[in-house]
Amino acid sequence: IGSIKTANELVADKRLLAYAMTVFGLNDMSYAQAFMRKVLNEGHDDSSAFVNKLTDKRYLEFAKTFDFKRYGAATTAFDSVKKGVVEKYVRQSLEATTGTSSEGARLALYFQRQAPKLGSATEILADKALFTVAKTALRLPEAFSLMDIGRQIAVFEERLKVADFKNPAKLEVFLKRFATLWDVDNPQSVQAPVVSLYAQSSGISLSQS
């Protein structure tokens, strides 16, 4: 990636583009070279820029990371690109690999990655994986999903603080609770309990102390 100096060069390298887009969950659009060229060349600073007209904010996140419009050839020298993108790719690969052994562990790792970026409880309801973790950790019944959406939001806002997920220690406590309850609800996972799989994959301690 360090050899790439322009947006056009990145888009022209199909392998690098596919790798980068996978990190932002856009791998199914890696074929759209003209589309991505426009996203990157126009940047995001101007309110009329192409990317600011898209409803899918993943493109905006991509444009902010590969900000050739603002930084030019220096863009790929930043750690956020050289190391940050690779770390995200490895993390997502880890989630996929762990998921083959345990769906619960995959959900926990996904929640650990996404939760610090949440701005409201509504975002949890809009993401099936995040919702599953939160519903399990809060011990909400299956019928909860049938409630009025306004009531669901109110319950989440009452029983959890999204801002707490920015605190690694508080997030770990929440995920420890989820992992434990997932194993209770899914006794078939006893041979590969979520608590231990999640701890091994995330590198954190899930001791009861």
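This is a predicted model: local features need pLDDT of at least 70, side-chain atom pairs count only at pLDDT 80 or more; totals for chains, interfaces and linings use all residues.
**Close-up 1. The residue types that line the second largest pocket.** The space in the second largest pocket comes to about 160 Å³.

**Close-up 2. The helices beside the second largest pocket.** Which helices each supply at least two residues of this lining? They are helix H10 (128–137) and helix H12 (168–185). H10 gives the largest share of the lining of the second largest pocket, with 3 residues.

**Close-up 3. The centre of the largest pocket.** Now we move to the largest pocket, whose volume is about 600 Å³. A total of 17 residues line the largest pocket, and those closest to its centre are Glu61, Tyr110, Arg113, Gln114 and Lys117.

**Close-up 4. The helices and residue types around the largest pocket.** Helix H4 (58–65), helix H7 (84–99) and helix H8 (103–114) are the elements that give two or more residues to the lining of the largest pocket. Which of the elements makes the largest share of this lining? That is H7, which provides 4 residues. How many residues in the lining of the largest pocket are charged? There are 9 charged residues, alongside 5 nonpolar and 3 polar ones.

Key:
Residues are numbered from 1 along each chain as its sequence is written. Side-chain values use heavy atoms; hydrogens and water are left out. On a 1 Å grid over the protein atoms alone, a cavity is a set of points where a 1.4 Å probe fits but cannot get out, and a pocket is an open set with protein on both sides within 12 Å along at least five of seven lines; lining residues have an atom within 4 Å of a point. Grid points are joined across faces, edges and corners, and a volume is the space filled by probe spheres set on the points. Ala, Val, Leu, Ile, Met, Phe, Trp, Tyr, Cys and Pro count as nonpolar, Asp, Glu, Lys and Arg as charged, and the others, Gly among them, as polar.
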